[in-house]
Amino acid sequence: MFIYMIDILFLFDSLLTGEYLGLTGAKINGSEMLACGLATHFVYSKDIESMEDALCQAFSSNKSLEFAHESDVSRIIKEFVHNPVLKEGSSLKRLEVINHCFGKDTVEDILSALEKEATRMDDKWITNAIKSMKFASPTSLKISLRSIREGRKQSLRQCLSREFNISSRIVLRSFNYNDFYEGGKAIFFDKGKNFKWEPSKLEQVQDATVMQFSEVVHDDRWGYLEIPDRSHLKSSKL
């Protein structure tokens with residue numbers, strides 16, 4: 001269960017929304033999170049404290065039980081839930097175009113499809129998507145696309161391990177990858193100017209290198225991700 005509070009924006013999956021968010025860095029709000037399946041309940045931030053008090057009351061009234069009954073928790077949360085409507089300008093009202101473009105096999109094909117759509121439609125979100133992708137590190141775009149698509153076939157444990165490996169490789173500058181630090185320098189010191197990505201073009205990024213970022217880091221300076229076993233925990237039906 002994921003409860004969304006109205007004053008939070010979610011960055012970075014229903015259909016191909018994952019590719020869209022991951023490759024463009026677009027932000028989505030609560031109604032959009034509900035629409036694409038990233039959240040199950042929408043509660044206004046002003047009601048959170050009242051909802052917490054009601055949940056605590058349910059727990060305290062069941063002192064003989066370790067947990068309040070799921071039906072009680074679900075009932076209480078539903079008392080505070082709202083059903084927001086997607087705004088007309090929401091990118092999720094363009095899912096047909098998103099699925100068409102971001103369903104392509106490669107980052108190059110995705111960008112090409114977006115540019116073709118932009119020639120026949122005057123829409124701010126597609127212009128922003130193209131701008132964001134052309135602004136980003138070519139290597140990072142390819143790493144992100146592969147990670148998103150690999151994740152669809154993996155368990156949460158496998159996804160966490162993969163993301164840890166990728167982050168480790170980036171921080172350790174494996175394979176002479178320096179774009180993470182280059183991006184930080186350009187944003188914080190050069191004020192968003194003079195990005196010097198290496199390689200500088202999508203077609204120059206080797207698939208073999210992208211695949212290596214997911215491999216476990218064997219380095220004495222670096223640890224391994226240890227994920228606690230949660231198989232014994234009961235799954236919630238909320």
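Visitor: So a helix here is a DSSP run of H or I with at least four residues, numbered from the N terminus. Which helix does L23 lie in?

Guide: L23 belongs to helix α1, which covers residues 17-24. Keep in mind that this is a predicted model.

Visitor: Is L23 buried or exposed?

Guide: Buried means under 20% relative accessible area. L23 has 3%, so it counts as buried.

Visitor: What does L23 touch, leaving out residues up to four places away in sequence?

Guide: The contacts of L23 are F102, I110, M133, L141, S144 and L145.

Visitor: And how far is L23 from L111 in space?

Guide: Their C-alpha atoms are 10.0 Å apart, while 88 residues separate L23 and L111 in sequence.

Visitor: Let's zoom out. How many helices and strands are there in the chain?

Guide: The protein chain has 11 helices and 2 strands. Along the sequence the order is β-α-α-β-α-α-α-α-α-α-α-α-α.

Visitor: What share of the residues counts as buried?

Guide: Out of 238 residues, 36% are buried. The accessible surface of the chain is about 15,200 Å², and carbon and sulfur atoms account for 53% of that.

Visitor: Now α6 and α7. At what angle do their axes cross?

Guide: Roughly 145 degrees, and the axes come within 10 Å. Helix α6 spans residues 107-120 and helix α7 spans residues 124-135. The crossing is left-handed.

Visitor: Which residues make the contact?

Guide: From α6 they are V107, I110, L111, L114, E115, E117 and A118. From α7 they are W125, I126, A129, I130, M133 and K134. By type, 10 of the contact residues are nonpolar, none are polar and 3 are charged.

Visitor: Different topic. How many disulfides are there?

Guide: The search of the whole structure finds 0. A disulfide is a covalent bond between the sulfur atoms of two cysteines.

Visitor: Then what about C101, buried or exposed?

Guide: C101 has a relative accessible area of 0%, so it is buried. C159 is at 18%, which also puts it among the buried residues, because the cut-off is under 20%.

Visitor: Last one. Where is V171?

Guide: V171 sits in helix α9, residues 156-171. Its relative accessibility is 37%, so V171 counts as partly exposed.

Visitor: What is V171 in contact with, neighbours within four places aside?

Guide: V171 contacts Y181 and W222. V171 and Y181 are 10 residues apart along the chain, and their C-alpha atoms are separated by 8.5 Å.

Key. Residues are numbered from 1 along each chain as its sequence is written. This is a predicted model: local features need pLDDT of at least 70, side-chain atom pairs count only at pLDDT 80 or more; totals for chains, interfaces and linings use all residues. Side-chain values use heavy atoms; hydrogens and water are left out. Axes are lines fitted to C-alpha atoms, for helices over the stretch in contact, and angles run from 0 to 180 degrees between N-to-C directions. A crossing is left-handed if the near helix is turned anticlockwise from the far one by less than a right angle, and right-handed if clockwise. Contact means heavy atoms within 4.5 Å. Ala, Val, Leu, Ile, Met, Phe, Trp, Tyr, Cys and Pro count as nonpolar, Asp, Glu, Lys and Arg as charged, and the others, Gly among them, as polar. A disulfide is a pair of cysteine sulfur atoms within 2.5 Å. Buried means under 20% relative accessible area, exposed over 50%, partly exposed in between (1.4 Å probe, protein chains only). Accessible areas come from the Shrake-Rupley method with a 1.4 Å probe; for residues, only the protein chains shown count as cover.
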